[in-house]
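User: I would like to learn how to read the features of a model like this one. Please take them one at a time, with the general idea before the case.

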Amino acid sequence: MERDTRQRRAIRAALERADRPLSPKEVLGASRRRIRTLGLATVYRTLNALVADGWLVEVQLPGEPPRYEVAGKKHHHHFVCDRCHRVFEVDACPGDMVSMVPKDFEVTRHEIVLYGACAGCSARSAALRP
Ligand SMILES: [Zn+2]
Ligand SMILES: [Zn+2]
């Protein structure tokens, strides 16, 4: 039980520190600095428990394995880096987009996913250019 609490605390800290949606493997990498014995099965179990508690939400992006982010954030969108496959938060939103749908249609929600290269990856490729 005590061990469980410690692992859970380390996993929560990793998700809070990242401030972007993390995959279970990323959670493992970030939490292992604190708890070396942590395994992927424990990470999955803890992520599921945190989702059940309402502390964490699953981020489902088309064709991507699920990522997890701290619940209760204000409306935002996501950016997927095609190179390092990390997912970032995008705070901007173009609005309700009601004008895009046919007359008499009702928009209740929207998801926007942007793709490209993150700052780290685009700097790396700029440095490689002759
Ligand atoms: Zn990247
Ligand atoms: Zn939006």
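User: How are the donor residues of the zinc ion (ligand 1) spaced in sequence?

Analyst: Donors are N, O and S atoms within 2.8 Å of the metal (3.2 Å for Na, K and Ca); water is not among the atoms, so sites may look incomplete. Here the spacing is C-x2-C-x33-C-x2-C. The donors are the SG atoms of Cys 81, Cys 84, Cys 118 and Cys 121, at 2.3 to 2.4 Å from the ion. This is a predicted model, in which local features need pLDDT of at least 70 and side-chain atom pairs pLDDT 80 or more, while totals for chains, interfaces and linings use all residues. Residues are numbered from 1 along each chain as its sequence is written, chains are lettered from A and ligands numbered from 1 in the order in which they are written, and side-chain values use heavy atoms, without hydrogens and water.

User: What arrangement do the four donor atoms around the zinc ion (ligand 1) make?

Analyst: Four donors count as tetrahedral if all angles lie between 85 and 135 degrees. Around ligand 1 the angles are 102 to 116°, so the arrangement is tetrahedral.

User: Are Cys 118 and Cys 121 buried or exposed?

Analyst: Buried means under 20% relative accessible area, exposed over 50%, and partly exposed in between (1.4 Å probe, protein chains only). Both Cys 118 and Cys 121 are buried.

User: Which residues coordinate the zinc ion (ligand 2)?

Analyst: His 75 (NE2), His 77 (NE2), Cys 93 (SG) and His 110 (NE2) do, at 1.9 to 2.2 Å. Their angles of 104 to 118° make this arrangement tetrahedral, and the sequence spacing is H-x1-H-x15-C-x16-H. Strands are DSSP runs (E, at least two residues), numbered from the N terminus. His 75 lies in the loop between β2 and β3 (77-81) and His 110 in the loop between β4 and β5, so the pair ties together parts 35 residues apart in sequence. His 75 is partly exposed, at 45% relative accessible area; His 110, at 21%, also counts as partly exposed.

User: Which side chain of opposite charge is nearest to Glu 69?

Analyst: Lys and Arg count as positive, Asp and Glu as negative; His and the chain ends are not counted. A salt bridge needs a side-chain nitrogen of Lys or Arg within 4 Å of a carboxyl oxygen of Asp or Glu. Glu 69, in strand β2 (residues 67-70), is buried without a salt bridge, and the nearest such side chain, Lys 73, is 6.0 Å away.

Conventions: Tetrahedral: all angles 85-135°; square planar, octahedral: opposite > 155°, others 65-115°. Helix = DSSP H or I, 4+ residues; strand = E, 2+ residues; numbered from the N terminus.
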